[in-house]
Amino acid sequence: MTTPLDVEAIRKDFPLLEREIHGRRIVFLDSGASSLPPTQVTSAMTRYYESTHANVHRGVYATAEEATARYEAARVGVGRFLGTSAGADEVVFTKNCTESFNLLAKSWGAANLTSHDAVVLTEMEHHANIVPWQQLQQQVGFELRFIPVGDDYQLDLGDLDRLLEGAKLLSVTAMSNVLGTINPLKHLAARAHGAGALIAVDGAQSVPHLPTDVVGDDLDFLCFSAHKLYGPTGIGVLWAKAEHLAAMPAFLGGGGMIKDVRLDGFTAADGTQRFEAGTPPIAEAIGIHAAVDYLQGIGIEAVREHEQALTTYAFEALEAAFGDEVRIHGPGDGPGRGGVLSLTMGDIHAHDLAQVLDQVGVCVRPGHHCAKPLMRRFGLNATARASFGIYNDRDDVDVLVEGLADASRLFG
Amino acid sequence: MADLEELYREIILDHYRSPRNRGELPPPAHRVEGFNPLCGDEIVLSLLVEDDVVADVKIAGSGCSISQSSASLMSAAVKGKSVAEARKLVATFKQMMSIHEATLDDATEEPEPINLRALGELAALQGVVKFPVRIKCATLSWNTLTQGLDELGA
């Protein structure tokens, strides 16, 4: 048993939560879209700008050495958070999770896929793990296959052997940003490897909320963003086994990613730097490092327990207040889901729901959540998604219920 | 909640719950689709133009109360009107939707006064300007109408 989260103390680290919206305290239930950064993150970035800032991998003066050391240390810190001691050689910084997938498709994909190959995705992927593959498919002409999602909101693995036959990659989300479904990564990795394919994982929703173990689960690639991880915007991560990175061609070209440039060509740098052209997001790397340190200080197991308990409370509160009037699109309460609640209320459109919720200070995300194939699969146009983070508590759920009751009165 | 009640006025809720001119028209009516990628609103507009008159218009698709009521109000307002009158109505409606920005600009030039009377029931959508994100919902069907008229060369 882990120590329960002291939410009251945690909330003090997030000054934005002191804001009032329409005369009400802000109830931030949109961490699935972007989480708030604690002062530990913003002040680490400010301190860096005020005391250390210099370009990395270039200068020989003291602050430049320091900036480089801190930038490189961020790889190690992030790697440790993902369950590996090899972060220095395996953590590539990108712009965001979407760019991580683009890097994967345009570097690994372009080098490894031909028109005779196949890539397996699932029906519950975010557009970030669909469109880069479709773009590459238009150029190369390989086959894209999709693991279907069952009526129980789980991946239907009944046909997985056939889907994986001859495939070179399985790319799957660890946790659906719409349904909250948590996928069995270790099992999927074993099945992919058994069929001779690699496994890439979209960790955008899982890394901030569930323990991650890239080594234990035997993953090959993992993509995620800092800004959903209580870190800054403008930086994401592609984690990849060093052996894969070593065999992958460079991504964007320019300074920083080369060993040598001649008028008749260039030689790419080794290691992670090969994939980081131009001045990287240095302050943001220090920010993501501070964010994973902050989460490690709290304990990711405790975070998971807290959010699971809050999800249980929300399920009960919504059921008690609205019965069948409110639907939660995703698996029932339990260990197989995360703290993401995609809601619909009768015929009320999600955008209208979100508008009424805003009036009581509640921030939720209305829309298709960049997962249109999944929404279409369930005949949904839009849902209002409430997603939990470390700073949410039962009072937040109570205000959500209050706002939904307002919507029911207004549109009922 | 005063702003919110102004946003969701009875007339809007009425058109949302009982949308006018719902459905699709068979060819030779022109079919045009509009999307609001932000919230997933989709509109399918069937447009029949005969002798420079919007002879018939139907609306299909799904979306929020603002996009759907605006589409319903639009269909009722332009049906039977000449193309020129319909285009003028689009311009007046879009002017109403941009009034917020004009006021914020603190422009030295007086903006041209909007003829709210010409808008009739459509004036009920005025409250939307206080919710900038929703302006796209309100204007979706109107932009789709413009696109349809342009495609028809009308």
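Me: How many bridges join E16(A) to strand E17 of chain A, and which way do they run?
Reply: There are 3 bridges between E16(A) and strand E17 (residues 383-387) of chain A. The two run antiparallel. Keep in mind that this is a predicted model.

Me: What is the bridge partner of A:Pro366 in E17(A)?
Reply: A:Pro366 has A:Ala384 as its bridge partner there.

Me: What order do the strands of that open sheet take?
Reply: The order is E13-E14-E17-E16 in chain A. That makes 4 strands, with antiparallel pairing.

Me: And which are the edge strands?
Reply: Strand E13 (326-328) and strand E16 (365-367) of chain A. Each of them pairs on one side only. From one strand to the next, the twist averages 30 degrees.

Me: Which strands does helix H11 of chain A touch as it packs on the sheet?
Reply: Helix H11 (residues 300-322) touches E13 and strand E14 (340-345) of chain A. The direction of H11 makes about 10 degrees with that of E14(A).

Me: What about helix H12 of chain A, which strands does that touch?
Reply: Helix H12 (residues 350-359) also packs on the sheet, in contact with E14, E16 and E17 of chain A. The angle between the directions of H12 and E16(A) is about 160 degrees.

Me: Which element gives the largest share of the lining?
Reply: H12(A), with 4 residues. H12, strand E15 (362-363) and E16 of chain A each supply at least two residues, and so does helix H7 (132-152) of chain B.

Me: OK, salt bridges now. How many are found over all chains?
Reply: The search of the whole structure finds 26. Side chains of opposite charge can pair when their charged atoms come close.

Me: Show me one. What does A:Arg11 meet in a salt bridge?
Reply: A:Asp396, at 3.7 Å from N to O. The pair links distant parts of the chain, 385 residues apart. A:Arg11 is in helix H1 (residues 7-11) and A:Asp396 in helix H14 (residues 394-411), both of chain A.

Me: Are those two buried or exposed?
Reply: Both A:Arg11 and A:Asp396 are buried. They also belong to a network of salt bridges that includes A:Arg25.

Me: Which residue does A:Arg75 form a salt bridge with?
Reply: A:Glu72, with the closest N and O atoms 2.9 Å apart. Both lie in helix H3 (residues 62-81) of chain A, 3 residues apart, about one turn of the helix.

Me: Why does A:Arg75 count as buried?
Reply: Because its relative accessibility is 0%, and buried means under 20%. A:Glu72 has a relative accessible area of 24%, so it is partly exposed.

Me: One last pair. What does A:Asp117 meet in a salt bridge?
Reply: A:Lys168, at 3.4 Å from N to O. They are 51 residues apart, with A:Asp117 in the loop between helix H5 (97-112) and strand E5 (118-122), and A:Lys168 in strand E7 (residues 167-173) of chain A.

Me: Is A:Asp117 buried or exposed?
Reply: Buried, with a relative accessible area of 11%. A:Lys168 counts as partly exposed, at 30% relative accessibility.

Note on methods
Residues numbered from 1 in each chain as written. Chains lettered and ligands numbered in written order. Predicted model: local features only at pLDDT ≥ 70, side-chain atom pairs only at ≥ 80, totals over all residues. Heavy atoms only, no water. Salt bridge = Lys/Arg side-chain N within 4 Å of Asp/Glu carboxyl O. Buried < 20%, exposed > 50% of the residue type's maximum accessible area, 1.4 Å probe, protein only. Pairing = 2+ DSSP bridges. Axes fitted to C-alpha atoms, helices over the stretch in contact; angles between N-to-C directions. Contact = heavy atoms within 4.5 Å.
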